[in-house]
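This report covers aromatic ring pairs and helix packing. The sequence and the model come first.

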Amino acid sequence: MSTDASVPLMKNEDSPRGFAFALTAYLLWGFLPFYMKAVAHIPPAEVIAHRIVWSLPLAGIVLVLLGRTADIRAALRSPRMLAMGALTASLITVNWGTYVWAIGAGHSLDAALGYFINPLFSIFLGAVLLKEKLQPLQIAAIALAALAVAILAFDSGGIPWVALTLAISWGFYALLRKTLPLGPNQGFFLEVLILSGPALVYILYLEYGSGLGHFYRTGLADTTLLLGCGVVTAVPLMIYANGAKLLKLSTIGIMQYIAPTMIFLIAVFAFREPLGTARMIAFPLIWAGLFLYSWSMLKGSRGR
């Protein structure tokens with residue numbers, strides 16, 4: 001556990017305010033596919049660049065209002081923190097890029113699968129890298145997830161790379177963020193600050209170099225959507241960060257299924273993506289694994 005004063009300790013209790021914050025964040029993430037579908041005609045790399053650039057001022061304003069700018073100045077003077085920030089920034093870029101591409105390319109179900117798998121992959125990472133002891137129910141949950149992935153791989157003749165990329169990138173991102181002695185808002189600002197230079201250069205190249213940019217060349221609608229990328233990126237993350245501090249870890253663990261469930265429902269009923277036999281087998285296996293994982297987590301929470 002970090003002893004850095006900038007990282008507030010989480011209380012092991014729930015509060016209505018924390019629940020409202022977390023629920024708002026998960027609902028915003030759950031509806032995000034509609035926004036990503038609206039920008040599907042824009043290349044994913046350009047969308048990601050705008051997500052980064054327009055998130056920076058929003059995250060900066062929040063830090064100014066919270067009076068936490070000193071944390072960023074300290075981070076910028078620390079080579080270790082800069083290196084860790086660059087690594088987590090790279091992982092979140094991979095995650096964002098894969099997600100944006102998946103929604104635009106009609107793979108929203110694969111995106112939902114990835115975020116369903118993620119908590120089980122995090123348990124696996126904890127066991128392998130942190131030598132955390134797995135409970136029997138957790139082992140069974142991971143086995144069910146592995147079986148679901150194997151069924152999808154057999155059906156498609158290849159690994160379900162979208163789901164695995166999302167789960168693996170976010171799993172390692174969450175793991176490494178724990179080692180970064182910064183609060184969630186400060187950490188997010190540091191990441192987008194590191195990424196903003198290359199992102200801005202890329203945007204300028206698209207707009208003035210190649211002429212392929214969509215920021216102002218293709219109409220007001222595209223300009224507004226790209227500006228809004230910062231809002232839909234930064235706002236849920238910062239709302240969630242403040243809610244997580246006011247909730248039990250077990251409560252957060254259960255609530256994290258809200259967003260992928262919404263993505264799944266949107267993919268099937270709004271985007272009309274076909275489930276297929278393999279997915280109709282794989283998703284229930286994942287859900288069964290998540291039930292076992294949640295049950296073991298709740299039992300552990302009651303025990304403590």
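## Burial and the model

A residue counts as buried when its relative accessible area is under 20%, as exposed when that area is over 50%, and as partly exposed in between. Phe 121, at 15% relative accessibility, is therefore buried. The structure is a predicted model.

## Aromatic pairs

A search of the whole structure finds 17 aromatic pairs. One of them joins Phe 116 and Trp 287 in an edge-to-face arrangement, with 6.1 Å centre to centre and 80° between the planes. Phe 116 belongs to helix H5 (residues 108-129) and Trp 287 to helix H12 (residues 276-303), so this pair ties together parts that lie 171 residues apart in sequence. Phe 116 is buried, at a relative accessible area of 3%, whereas Trp 287 is partly exposed, at 36% relative accessibility.

Phe 121 has an aromatic partner in Phe 172, and this pair is also edge-to-face: the centres are 6.0 Å apart and the planes stand at 65°. Phe 121 lies in helix H5 and Phe 172 in helix H7 (residues 161-177), so the pair ties together parts that are 51 residues apart in sequence. Phe 121 counts as buried at 15% relative accessibility, while Phe 172 is partly exposed, with a relative accessible area of 29%.

## Helices H1 and H11

Helix H1 (residues 16-38) and helix H11 (residues 258-270) have axes that come within 8 Å and cross at roughly 25°. Angles under 35 degrees count as roughly parallel, and H1 and H11 are therefore roughly parallel to each other. H1 passes H11 in a right-handed crossing.

On the H1 side the contact involves Leu 23, Tyr 26, Leu 27, Trp 29, Gly 30, Phe 31, Pro 33 and Phe 34; on the H11 side it involves Ile 258, Ala 259, Met 262, Ile 263, Ile 266 and Ala 270. The residues of this contact comprise 13 nonpolar, one polar and no charged.

## Helices H2 and H9

Helix H2 (residues 44-66) packs with helix H9 (residues 220-244) at an angle of about 55°, and the axes are 7 Å apart. That angle makes H2 oblique to H9. The crossing of H2 and H9 is right-handed.

H2 contributes Glu 46, Val 47, His 50, Arg 51, Trp 54, Ser 55, Leu 58, Ala 59 and Val 62 to the contact, and H9 contributes Leu 226, Leu 227, Cys 229, Gly 230, Val 231, Thr 233, Ala 234 and Met 238. By class, the contact of H2 with H9 has 11 nonpolar, four polar and two charged residues.

## Helices H3 and H8

The axes of helix H3 (residues 69-76) and helix H8 (residues 184-210) come within 10 Å, with a crossing angle of roughly 50°. H3 and H8 are therefore oblique to each other, and H3 passes H8 in a right-handed crossing.

Asp 71, Ile 72, Ala 75 and Leu 76 of H3 make the contact with Gln 186, Phe 189, Leu 190 and Leu 193 of H8. Six residues of the contact of H3 with H8 are nonpolar, one is polar and one is charged.

Key: Residues are numbered from 1 along each chain as its sequence is written. This is a predicted model: local features need pLDDT of at least 70, side-chain atom pairs count only at pLDDT 80 or more; totals for chains, interfaces and linings use all residues. Side-chain values use heavy atoms; hydrogens and water are left out. Axes are lines fitted to C-alpha atoms, for helices over the stretch in contact, and angles run from 0 to 180 degrees between N-to-C directions. Helices (H or I, at least four residues) and strands (E, at least two) are DSSP runs, numbered from the N terminus. Angles under 35 degrees count as roughly parallel, over 145 as roughly antiparallel, 65 to 115 as roughly perpendicular and the rest as oblique. A crossing is left-handed if the near helix is turned anticlockwise from the far one by less than a right angle, and right-handed if clockwise. Contact means heavy atoms within 4.5 Å. Ala, Val, Leu, Ile, Met, Phe, Trp, Tyr, Cys and Pro count as nonpolar, Asp, Glu, Lys and Arg as charged, and the others, Gly among them, as polar. Rings of Phe, Tyr and Trp (its six-membered ring) pair if their centres lie within 6.5 Å; planes under 30 degrees apart count as stacked, over 60 as edge-to-face and the rest as tilted. Buried means under 20% relative accessible area, exposed over 50%, partly exposed in between (1.4 Å probe, protein chains only).
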